[in-house]
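Open the model in a viewer and keep the selection panel at hand.

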Amino acid sequence: MNRGRKTRPRHSSQDGVYFAMEDLLSYGLLTFATLALPSLGLCLAIKVTKYFNLAYGDIVTAGAFLALLMNLSFKINIGIALLISIALTALLGVFLHKVVFKALMEAKVGPLTLLVVSLGVGLVIRNVVLIGWGPQPYQFNTPLTRAKHLGPFFFTPNQIVMILICILVAIGIFLMLRYTQLGRLMRATSDNPSLSLIRGISIEKVYTYTWIIACGLAAIGGVFMGMLGTIKPGMGEEALVTLFACLIVGGIENPYGAVVGALITAFAMEATAIWISPPYKVVSAYLLMFFILLIKPSGIFGREKIQWKYFLGFLRSRQ
Amino acid sequence: MEILSWILTIATIVAIYSIMGLALNVHFGYTNLPNFGIAGFFAVGAYASAILTAPHRFREMEIFAGFPGGVAGRIEAPFIVGLLAAIVLAGVVGLIIGIPLLRLREDYLAVASIGIAQTIYYVAVNELWLTTGSAGIRLIPMPTGNRYLYFLLVLLLLAIAYWVVNRFYSTPIGRVWRGVREDEVITASLGKSIFRSRMSAWIAGCSIMGAAGCLWAHYSMAIQPGEFVPTTTFLVWIFVIVGGLRNNKGILLGAILIMGFFEQGTRFLPAIGAPYIMPAIRLIIIGVLLVVFVRFRPQGVLPERHKKIEAHIR
């Protein structure tokens with residue numbers, strides 16, 4: 001039964017509010033599926049290691065390109081390619097930590113120094129990928145499927161699987177943090193590294209496991225971004241600040257906040273794409289980040305009150 | 001004659017980037033404001049000057065080619081107006097951006113300023129009426145008409161920027177900035193507003209970056225958004241860190257070393273394979289260099305020289 005939906009163009013605001021809302025729900029959920037896991041991984045990395053890793057965006061790129069290598073060059077099915085890519089990206093993350101960041105963290109340099117170093121690491125990863133694959137965009141070799149209506153949503157089977165994987169993995173990470181020994185160790189190290197060390201926790205081991213989890217999540221995120229769009233060397237760098245926007249909206253060291261922040265940011269981005277202008281959808285994520293930083297720097301789940309006075313009385317404040 | 005022209009090209013680019021490095025020294029070296037949005041302020045300065053000074057002929061060409069004629073080419077102001085507009089506009093943009101940003105801790109500021117630069121980039125790509133989009137603005141006049149004279153002009157502005165930034169080191173406001181860098185609580189207890197002193201340093205640095213952008217626009221005579229990507233920012237950061245953070249001579253040295261040799265010096269080496277490989281190798285070397293320097297010599301080639309207290313009191 002054709003109800004005249006299939007022929008409508010994407011992002012048309014003239015069709016009436018109902019169809020736009022339908023687009024918003026579908027694309028918002030898809031964007032959420034690409035953003036949630038990397039932002040959760042970045043959140044765990046920042047929570048445990050206490051510095052902002054700007055190489056994370058390029059680790060996302062590396063995950064996507066490793067899956068691309070398996071999928072296009074070795075003709076492996078995309079699902080298995082995803083698993084191999086998770087393993088290899090986790091290895092890459094552990095390698096980076098052991099070679100570059102471990103010595104600096106032991107030398108007790110500040111978080112800002114580590115941030116600058118991670119910038120250099122990201123530059124190296126990005127350009128190695130550029131040499132290997134060139135600047136042109138790629139796509140995964142996946143079977144063509146037809147999108148179906150599911151209530152208000154409009155998804156292909158692949159996209160449904162992506163959203164399910166995203167939600168299940170996120171729930172798995174939450175359960176891991178709450179109920180397993182590793183989760184307890186990670187939370188303890190995050191709260192007080194020196195006390196954990198005195199109580200006999202091997203901090204180095206916790207860092208290693210954190211990197212494995214964070215980079216595995218980055219690989220999943222990279223593959224999902226590649227499934228929805230194209231894969232190119234600059235994709236992670238573009239996504240990095242969006243990931244930070246998700247984290248800051250939800251509160252930077254709060255894993256639940258990271259996922260909720262990803263949901264809010266994804267819907268804000270897609271709403272901008274539908275009602276304002278598609279090129280500015282990333283900008284809307286940044287603006288959301290600035291707004292949250294201005295009125296409530298600890299994120300929407302933070303304990304402090306909303307500071308409206310910064311919004312108006314910035315010229316009078318003496319602090 | 002060709003080799004002289006090539007050296008002149010390198011020297012001009014190095015001088016323009018040195019101005020940005022000096023501005024970053026005001027931000028990060030003096031006041032500990034890690035600005036990762038240098039490309040954004042560079043773009044604001046470049047576009048401000050380009051839009052004001054582009055000739056009427058550019059707008060006529062755009063309309064002839066079927067584009068809607070934008071703001072660029074309506075005014076055709078002289079160079080000095082463009083330069084002043086670049087400085088003022090970059091400062092105003094810095095002021096507006098600084099209100100939410102300068103309350104943040106350093107690492108949040110770093111990430112948020114990357115977002116600022118990206119926002120400015122997206123505006124430059126998408127606002128066709130203002131910037132003519134990714135086609136960019138062409139036919140920007142070179143004020144001296146001659147590249148040799150223009151190099152002298154750039155050197156003059158570099159000398160002025162160097163003098164100003166060096167003066168900031170020991171003037172009262174510069175001392176407050178360094179106080180904010182070392183310990184905010186003590187500086188606040190002496191009655192100085194942290195936010196206001198951070199803001200003054202931020203605006204000063206942003207204006208100098210805007211001036212560098214203006215010089216770049218008039219040197220290359222055509223600008224497009226692709227020049228104002230984060231890589232520009234990272235290059236400035238890397239030569240500032242390698243050359244010597246907080247030391248203006250070190251920044252000039254770092255600009256000559258990194259920008260001169262790595263960015264331009266490999267131009268005559270034989271290209272290996274595809275055209276994108278050589279720049280990628282350069283950037284890999286620069287990234288490794290950054291990591292090695294921060295690990296083994298964090299103060300850079302020339303470290304900060306601490307003046308004796310008597311030099312300040314006089």
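Start with chain A, whose elements run α-α-α-α-β-β-α-α-α-α-α-α-α-α from the N terminus on. That comes to 12 helices and 2 strands; helices (H or I, at least four residues) and strands (E, at least two) are DSSP runs, numbered from the N terminus. This is a predicted model, in which local features need pLDDT of at least 70 and side-chain atom pairs count only at pLDDT 80 or more, while totals for chains, interfaces and linings use all residues. Residues are numbered from 1 along each chain as its sequence is written, and chains are lettered from A and ligands numbered from 1 in the order in which they are written.

Stay with the C-alpha trace of chain A, which spans about 70 × 60 × 40 Å along its principal axes. Buried residues (20 or more other C-beta atoms within 10 Å of their own; exposed is 12 or fewer, partly exposed in between; C-beta atoms placed from the backbone) make up 45% of the 319 residues in chain A.

Next select α2 (residues 56-73) and α4 (residues 111-133) of chain A. Their axes come within 8 Å and cross at roughly 25°; axes are lines fitted to C-alpha atoms, for helices over the stretch in contact, and angles run from 0 to 180 degrees between N-to-C directions. This makes α2(A) roughly parallel to α4(A), a term for angles under 35 degrees. Show side chains: Gly57(A), Ile59(A) and Phe65(A) are among the α2(A) residues that meet α4(A), where the partners include Ile125(A), Val129(A) and Trp133(A). Contact here means C-beta atoms, placed from the backbone, within 7 Å.

Now bring in chain B. The contact between the chains takes 39 residues from chain B and 39 residues from chain A. On chain B, α4 (79-101), α5 (106-126), α10 (194-220), α11 (230-243) and α13 (277-296) each supply at least two residues of the side that touches chain A. Which helix gives the most to that side of chain B? Select α5(B), with 13 residues.

End at two loops of chain B. Asn32(B) is in the loop between α1 (2-30) and α2 (38-53) and has a positive phi of about 60° although it is not a glycine. With 18 C-beta neighbours inside 10 Å, Asn32(B) counts as partly exposed. Met221(B), in the loop between α10 and α11 of chain B, has a positive phi of about 65° and is not a glycine. Met221(B) counts as partly exposed, with 13 C-beta neighbours inside 10 Å.

Definitions and conventions. Two residues are in contact if their C-beta atoms, placed from the backbone, lie within 7 Å. Angles under 35 degrees count as roughly parallel, over 145 as roughly antiparallel, 65 to 115 as roughly perpendicular and the rest as oblique.
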